[in-house]
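We will go from stop to stop, and each stop tells you what to select.

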Amino acid sequence: MSGSSLDDQLAPLLAERRRQGLYRSPRVMSRRGGARVALDGRVCTAFCSNDYLGLADHPAIAAAAARSAERGVGSSAAHLITGHGPEHAALEEALADFVGRSRALLFSTGYMANMGVINALCGPGDMVFEDRLNHASLLDGGWLCRGEMVRYPHNDLVALEAAMAQQTGRRLVATDGVFSMDGDVAPLAELAAVCARRGGHLMVDDAHGLGVLGPGGAGSVRAAGLDERQVPVYMGTLGKALGTFGAFVAGSEPLIEFLIQRARTYIYTTAPPPPLAAAARAALRLAREEEWRRERLARLIARFRSGAGELGLPLMDSDTPIQPVIVGDADRAMALSRDLLDEGFVVTAIRPPTVPAGTSRLRITLSAAHSEEDIDGLLDAMARRCRGLENDVVTAGSSCP
Ligand SMILES: *Cc1c(COP(=O)(O)O)cnc(C)c1O
């Protein structure tokens, strides 16, 4: 390779990616209110956002951001320098209250929160146990912390407990609360019990549960009736059901104080813009008070599942707004995604390496911003375009890890 330019080295790698049907490119979509997006001048209905409560374009949230932005956008520095303002402090208090925990600490993104927490809590001599289907940011945190990383088969409590038999330093068990590509909820009570027996500490990434599950949208941990002692580390993101941007970790006073001292992705980065914090606080208020958003979402999920069931489409075992339809082959998933786009619906095809090989899928996500007509329209389009799926992919779906 010496002597060849970087571009010459990358070209065959890109070509290989294309050949495998795994090439990805962002598309420019302008949001047109609710679940509508404009793509190449055409208005379509999106079934792929994480805006589960339909808050992303809420005027009260935009107004809160705009009011704060009148005093400036930049935070000017990291939290520990001069970047931590009254909006950040107020949001941290509101977040702790929302999820029913002692304290919360803001991070710029969920990716950074996961990296920061795992690297602060685990290092050489420690062990991190992770579900195979965990989000990339949890996995990266585990790999980069220089502790020993063990991935256990999806939701396999027996394998986890066996792997934890070995005595070592600190043992952190990290799991998605709601799995981002499958939509199933982790067996949190059972995971907490394994941790209690084996001296482990449970961390839950609730990017897809916060706002959607639990009393007042308090998340999957509260939905499972678990407290701060049983699940010491709770991570939530603000860019999904809360319709804004950013993330936080919530837990005990000592945990938060420790993260302030040791989480490098908290310490060595600029604090988020105050208008974002103001927006997120407005979103929390709406998410808690407007129970109708969760009720409507639940009705839409039930309508989609029963309609898709009648069509014989291979659904996964999910009661959450994430409703994957397993296709199997990556090219076929891409072709179906294009077919549905022809019908006016944006549905993303999810392929390896995001999901295991042979489990490429249409990842359909529902939102309180959808109407019943939107759901019926998508089902009609799938009835026309996804013929044969019910027979072809049953095996791929059922062998999904
Ligand atoms: C989206 C997501 C993240 C990352 O959060 P960002 O704020 O978008 O960086 C982390 N974990 C899970 C499970 C996610 O779905």
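## Stop 1: An aromatic pair

Select Phe47. It counts as buried, because its relative accessibility is 0% and buried means under 20% relative accessible area, exposed over 50% and partly exposed in between, with a 1.4 Å probe and protein chains only. Accessible areas come from the Shrake-Rupley method with a 1.4 Å probe, and for residues only the protein chains shown count as cover.

Before you go on, note that this is a predicted model, where local features need pLDDT of at least 70, side-chain atom pairs count only at pLDDT 80 or more, and totals for chains, interfaces and linings use all residues. Residues are numbered from 1 along each chain as its sequence is written, and side-chain values use heavy atoms, with hydrogens and water left out.

At 10% relative accessibility, Phe345 counts as buried. Rings of Phe, Tyr and Trp (its six-membered ring) pair if their centres lie within 6.5 Å; planes under 30 degrees apart count as stacked, over 60 as edge-to-face and the rest as tilted. The count by this rule is 3 aromatic pairs. Phe47 and Phe345 form a tilted one, with 6.0 Å from centre to centre and 50 degrees between the planes. This pair links distant parts of the chain, 298 residues apart. Phe47 is in the loop between strand E3 (42–46) and helix H2 (59–69), and Phe345 is in strand E12 (residues 345–346). Helices (H or I, at least four residues) and strands (E, at least two) are DSSP runs, numbered from the N terminus.

## Stop 2: Cys48

Select Cys48. It lies in the loop between E3 and H2. What does Cys48 touch, not counting residues up to four places away in sequence? The answer is Val346, Thr348, Arg363 and Thr365. Contact here means heavy atoms within 4.5 Å. Cys48 and Trp143 are 95 residues apart in sequence and 29 Å apart in space, C-alpha to C-alpha.

## Stop 3: The ligand

Select the ligand. Which residues come nearest? Of the 13 residues around the ligand, they are Gly110, Tyr111, Asp205, His208 and Lys240. A residue is near a molecule or strand if one of its heavy atoms lies within 4 Å of it.

- A backbone N or O atom of Tyr111 is 3.0 Å from an oxygen atom of the ligand.
- An N or O atom in the side chain of Asp205 is 2.5 Å from a nitrogen atom of the ligand.
- A polar side-chain atom of Lys240 is 2.6 Å from an oxygen atom of the ligand.

On its own, the ligand has 380 Å² of accessible area, and the protein covers 82% of that. Helix H5 (residues 110–121) gives the most to the shell, with 3 residues. The shell divides into 2 nonpolar, 8 polar and 3 charged residues. Ala, Val, Leu, Ile, Met, Phe, Trp, Tyr, Cys and Pro count as nonpolar, Asp, Glu, Lys and Arg as charged, and the others, Gly among them, as polar.

## Stop 4: Helix H6 and its end

Select helix H6 (residues 136–144). Its buried residues are Ser137, Leu138, Leu139, Gly141 and Gly142. Their cover includes H5, strand E5 (127–131), strand E6 (148–152), strand E7 (171–176) and strand E8 (201–205).

Step on to Arg146, in the loop between H6 and E6. Most residues other than glycine have a negative phi, and most peptide bonds are trans. Arg146 is not a glycine, yet it has a positive phi of about 70 degrees. Is Arg146 buried or exposed? It counts as exposed, because its relative accessibility is 68%.

Next, select Asn155, in the loop between E6 and helix H7 (157–163). Asn155 is not a glycine either, and its phi is positive, about 55 degrees. Asn155 is partly exposed, with a relative accessible area of 22%.

## Stop 5: A cis bond

Select Pro352 and Pro353. A cis peptide bond joins them, with omega at about 5 degrees. Pro353 sits in the loop between strand E13 (348–350) and strand E14 (360–365).

## Stop 6: Two buried residues

Select Ala282 in helix H12 (residues 274–289). Ala282 is buried, with a relative accessible area of 6%. Leaving aside neighbours within four places in sequence, Ala282 is in contact with Ala60, Ile61 and Ala64. Ala282 and Ala60 are 222 residues apart in sequence but 7.0 Å apart in space, C-alpha to C-alpha.

Finish at Gln323 in strand E11 (residues 322–328). Gln323 is buried, with a relative accessible area of 0%. A polar contact of 2.7 Å joins the side chains of Gln323 and Arg305. A polar contact is a pair of N or O atoms within 3.5 Å; within protein, one must be able to donate a hydrogen and the other to accept it, and residues adjacent in sequence count only if both atoms are side-chain atoms.
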